[in-house]
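Please look over the sequence and the coordinates together before reading on. The paragraphs below are meant to be followed with both in view.

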Amino acid sequence: MKILQRVGTFLGIGGDRSAGAPRYVALADGLIITDSHTEAWFTLASSNTDLMSEGARDTELDAASAALARTLAGFDCHLRVLWSPLHAEDYVAEAAGTFSHGAWDEWADLRVRRLEQIGLPTRHLLLGVRMTERAGTVRTAGKRGVQEGLGLTSTTVSTRELSKLDAQMRRLGRRLEASPWKARPAAVETLAWMISREQHRAAPLPTANGGVITGAKLAALTRGRILPHPDHLRVMDAHGEVAAWTAVLTMTGFPEEMQSPGNGEWLRVLSEINYVPDVDEDDLDPATDPTALILPVSPEASVRFRVQPKRDALKLVDEARRLAKEQRRSAARQSAEDPGREIEETEQVMAGLTRDMRREDLTLVEDHPRLVVTSTISLGDLRDRVDAVITHYGGIGIEVVVGEEEQRELFIESQPGDQLRVPDLGHVRDVTALAGSWWWGGAQVGDDTGPIVGYLTGSTPGVFRNDVTSGSDRGDATTTAYVGRSGRGKTMAMMLSMLDAAFRGAHEIALDFKGDLGGVVNAARRYGLNAHLVETGPRFAGSCDLFTLLAADGIDAARGEVPAQLSIAAPEHLRQRGAETPITHAVNAVVKAGEPATWKVIEYLRTMEDPLARETGEALYELAQSSLGAPFMGRPTGDAPLISPGPGIWVVQMPGLSLPGVEAGRHEWTPTQRLSVALMHSMLAYGITTAGRRDLRHLRKSVCVPEVHVLTATREGANFLQYIARVGRALGTSLLLDTQDPESLVELVGITEQLTTVAGFQLTTKGQQDGLAELLGLPKDDHTRALIRSVGLLPDGEIRHGHCIIRDRRFNCATVQWDVPSLELLELLDTSPKPARQAADSDDSEKVPA
């Protein structure tokens with residue numbers, strides 16, 4: 001029989017080519033059961049290789065080669081790299097379980113429309129391993145025709161058999177889970193999708209009964225009709241119309257040596273293949289961006305492979321070495337006495353390969369790579385895509401051709417549950433060549449669920465999810481840092497995070513030292529969120545009064561904080577004369593009288609008989625008329641909102657703040673610095689007490705600090721930030737930091753230890769680049785510095801706003817584009833100086849509700 005098969009293979013009519021299509025009996029989690037055999041199927045995780053160091057790449061490649069050589073040796077395996085369009089409408093259902101405040105449905109719909117515009121495909125990695133032949137296969141095959149004719153075909157799987165197969169699959173899965181692919185049993189819904197997707201029909205996927213799909217539900221997955229042609233196949237829909245055109249390509253030639261990174265990554269580069277469709281110039285809009293015409297081909301891979309056990313592989317290599325040796329000796333006995341360079345090289349290579357295989361986890365693999373290209377537009381579009389694939393691989397020295405006259409066989413071969421049908425189009429090489437294809441490599445960063453805020457810009461397309469309030473839910477750190485040069489989009493990114501958190505019902509307080517966060521208030525109100533803008537100045541007098549801010553914590557909290565705050569604001573010569581004593585007396589008296597307020601304390605001081613008290617009261621009264629003094633000790637006018645804990649966004653703008661440095665003594669503070677510290681005292685005290693309130697533990701809370709270096713320059717500010725960072729998980733409070741100075745941030749161990757996400761934007765100086773590299777967990781070398789310098793730049797050197805490097809909670813790093821889903825939102829969040837608009841916002845009574 002083997003001799004006949006070899007002759008058939010030589011003639012191109014091998015018996016495998018004519019085998020029947022797979023007949024599915026049952027699907028279960030991790031299992032595809034046909035009438036002849038059972039396959040275990042696993043979903044594989046993507047690895048973040050785009051920004052991985054060379055040492056880390058080598059380590060992971062060695063681990064992948066070892067997994068192939070040890071775990072999968074002797075198994076017939078089937079690797080699938082599939083793509084699916086991002087179903088943007090699914091985000092609406094996700095949003096319903098994520099957002100709860102404001103016009104969240106409108107907000108979600110805005111993101112859905114943007115996702116549809118971008119059209120990002122999603123990559124799926126699946127690995128099938130043929131486990132067992134089913135009992136009675138030969139006898140069943142012999143009776144199949146009779147049974148089908150009588151309508152007696154049985155496609156049931158006993159519970160006992162299913163349990164046995166499940167146990168075998170999970171034992172193999174536990175070994176593959178420790179590999180770089182982090183394999184997990186594929187859900188039965190995923191397997192049903194993988195089988196039915198080839199039909200290009202809109203029928204809903206069947207639901208599993210007891211975790212198993214069998215019978216008529218399973219038969220419906222393959223009900224479509226496909227017509228083979230010499231160079232493509234046509235997939236017909238339920239009405240007999242062509243739904244898609246598909247071509248299967250074979251990879252017939254590889255270079256003798258391939259580099260990784262480089263042409264050795266022949267499966268990872270699938271996502272990088274693009275083409276320009278043939279579009280009639282008359283139908284083109286003159287305003288169309290030329291880059292919008294470049295579309296992804298998204299070819300899919302089907303690679304059947306078998307890793308040879310090391311003993312068998314050594315035997316094959318030794319036979320090849322012996323044959324080359326005999327050829328060399330035979331040639332040497334001839335008159336020419338020239339064995340030929342190729343024969344000598346073959347003998348040397350085989351000897352070296354034998355040595356490596358004995359020393360390392362190295363063996364041989366026979367693989368049969370196929371590429372499946374599909375178009376739902378037209379046959380011409382399919383051929384444009386095929387040409388793009390062939391050209392792309394030709395550029396890296398890999399020969400790819402259309403499987404002429406064997407489209408049917410190659411297509412069926414690519415289906416799960418089938419077998420190798422065209423064995424003469426394969427390659428035998430060491431496992432490193434297959435592992436070095438890096439089919440699981442690319443870009444992967446961000447949360448698995450939560451708000452979509454951007455998209456990946458690395459070698460693998462995909463969305464970027466980030467939920468700044470979820471750290472506490474999973475028992476993790478809660479601090480996010482946005483680091484980079486001015487004007488690169490870090491504040492915009494923080495505002496997008498604030499909006500998503502507000503839609504989740506978070507209470508957010510933003511200390512805006514620069515004065516450019518007013519746009520987030522306008523955007524929040526546009527989408528029905530509770531949002532308030534508080535500024536320094538007489539109009540907002542009393543809005544930051546500690547008696548009001550700390551009222552919910554009991555009067556004792558304010559009784560201790562207000563004297564300290566007024567002592568900070570009082571002139572130094574009065575404090576040295578003992579002004580703290582009358583201030584404390586006045587506070588106690590006002591508290592005793594009821595309905596306390598800081599402005600009442602000042603009025604009480606002005607009416608006391610003690611000259612020092614009256615002088616202190618008069619000094620504080622005059623200071624309360626200033627823009628920095630009014631918010632915390634001025635008499636309210638009734639026009640400004642009072643900060644209160646609850647869902648919504650509060651932006652406290654303090655652009656005139658001037659905080660003293662750590663080295664400056666208190667006696668050296670200027671009047672402006674004293675008022676700045678006193679005003680900041682209100683915000684820090686409010687932040688700490690609100691974060692720690694037991695009755696607010698259920699409320700998501702965020703403290704947002706742009707230009708954080710203003711706060712970290714003071715001892716009190718640095719201590720406050722480190723406290724919030726360290727207790728944020730327990731108190732359900734997130735900390736969002738925006739800074740241009742990563743060097744100083746690195747020195748605050750209490751913050752850097754609690755970072756869950758870092759967004760690194762462009763920096764140009766070596767010291768700052770090294771500081772950002774440390775925050776990102778990247779090596780401090782020239783390659784990382786060049787990466788940080790170039791991120792956020794277009795090919796022509798212009799600024800690419802919102803482009804950055806993300807380090808997520810798993811310490812993955814990848815380049816990401818923060819995406820503002822509409823031009824209207826972009827204008828609302830604009831942080832560039834626009835005095836006219838800011839003035840209009842300030843004068844609009846609707847912008848600042850009482």
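Residues are numbered from 1 along each chain as its sequence is written, and side-chain values use heavy atoms, with hydrogens and water left out.

The protein averages a pLDDT (the predictor's confidence in each residue, from 0 to 100) of 85, and 85% of the residues score at least 70. Confidence stays under 50 over residues 1-15, for which the model has seven contacts beyond four places in sequence, a contact meaning heavy atoms within 4.5 Å. The pLDDT also stays under 50 over residues 835-850, where there are 20 contacts beyond four places in sequence. Where pLDDT is low, the predicted coordinates should not be read in detail.

The protein has 31 helices and 27 strands, these being DSSP runs numbered from the N terminus (helices H or I with at least four residues, strands E with at least two). Of its 850 residues, 51% count as buried, where buried means under 20% relative accessible area, exposed over 50%, and partly exposed in between, with a 1.4 Å probe and protein chains only. Among the contacts with a separation of 6 or more, 76% are between residues 24 or more positions apart.

Strand 20 (residues 507-512) has six of its six residues buried, so this strand is largely enclosed by the rest of the structure. His-507, Ile-509 and Leu-511 point one way from the strand, whereas Glu-508, Ala-510 and Asp-512 point the other way, and all are buried. Strand 20 pairs in the parallel sense with strand 22 (residues 648-653) over six bridges, pairing being assigned if DSSP finds at least two bridges between two strands; here Leu-511 stands opposite Val-652. Strand 20 also pairs in the parallel sense with strand 23 (residues 701-705), over four bridges, and in this pairing Glu-508 stands opposite Ser-702.

Leaving aside neighbours within four places in sequence, the residues in contact with Arg-80 include Trp-41, His-124, Met-194, Glu-198 and Pro-416. Of these, Met-194 is one of the buried residues of helix 7 (residues 188-196), which also include Val-188, Leu-191 and Ile-195. The buried residues of helix 7 pack against strand 4 and against other strands, including strand 3 (37-43) and strand 5 (121-133).

Most residues other than glycine have a negative phi. Glu-405, however, has a positive phi, near 65°, and is found in the loop between strand 15 (399-402) and helix 12 (407-413). Glu-707 likewise has a positive phi, near 50°, and its place is in the loop between strand 23 and helix 24 (709-712). Are these two residues buried or exposed? Glu-405 counts as exposed at 60% relative accessibility, whereas Glu-707 counts as buried at 7%.

Methods: This is a predicted model: local features need pLDDT of at least 70, side-chain atom pairs count only at pLDDT 80 or more; totals for chains, interfaces and linings use all residues.
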